[in-house]
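Dear colleague,

Here is the structure I said I would pass on. My notes on it follow below.

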Amino acid sequence: GKMSTHSTLGVKMEDGSIMGCYVHYDGATMLPRIESYLDEHTTTDLVMLISKAQSVGGMRSFHSPDMDTEIPKTDFLDDNETYSIDEADFYDDHMGTYAWYLVNYKDGTIAVTERY
């Protein structure tokens, strides 16, 4: 079954600002999925995905293998409220954040901060 380990996913832009969103499931195993996503996509694609997620409350799951096809896809929450995370509140506790994943827009490196 899916574990509800919440995480925060963001991209640090070149001006220091952060485009971020809340991710509901599988927060403990995000790193390989972010790496896999960035192998196939650009950091700009990730910013656009996060932007879409912000408008619907966040992501249910990020780049997770579909149960039927095993093809990774991102599911969005369908909240009627937006939930944007930025540089001011990125490292706050977003509903019990397990880990924070911050992708550098310029070079695609990923900084991981876990709750201790």
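To begin with contacts: among those in the chain with a separation of 6 or more, 54% are between residues 24 or more positions apart. Please keep in mind that this is a predicted model.

Overall build. The chain has two helices and six strands, and along the sequence they come in the pattern β-β-α-α-β-β-β-β. The radius of gyration is 13 Å, close to the 13 Å that the globule rule gives for 116 residues, so the chain is as compact as a globular protein of that length. Taken along the principal axes, the C-alpha atoms fill a box of roughly 40 × 30 × 30 Å.

Of the 116 residues, 40% count as buried. The accessible surface of the chain is about 6,400 Å², and carbon and sulfur atoms hold 51% of that.

Helix α1. This helix spans residues 30–40, and its buried residues are M30, R33, I34, Y37 and L38. These cover an arc of only 135° around the axis, which puts them on the same side of α1. D39 and E40, on the other side of α1, are exposed. What do the buried residues of α1 pack against? Their partners are the strands β1 (6–12), β2 (18–23), β3 (59–65), β5 (97–104) and β6 (110–114), together with helix α2 (43–55).

Regards

Note on methods:
Residues numbered from 1 in each chain as written. Predicted model: local features only at pLDDT ≥ 70, side-chain atom pairs only at ≥ 80, totals over all residues. Heavy atoms only, no water. Buried < 20%, exposed > 50% of the residue type's maximum accessible area, 1.4 Å probe, protein only. Helix = DSSP H or I, 4+ residues; strand = E, 2+ residues; numbered from the N terminus. Arc of directions from axis to C-beta. Contact = heavy atoms within 4.5 Å. Rg over C-alpha atoms; globule rule 2.2 N^0.38 Å. Areas by Shrake-Rupley, 256 points an atom, 1.4 Å probe, with all protein chains shown as cover.
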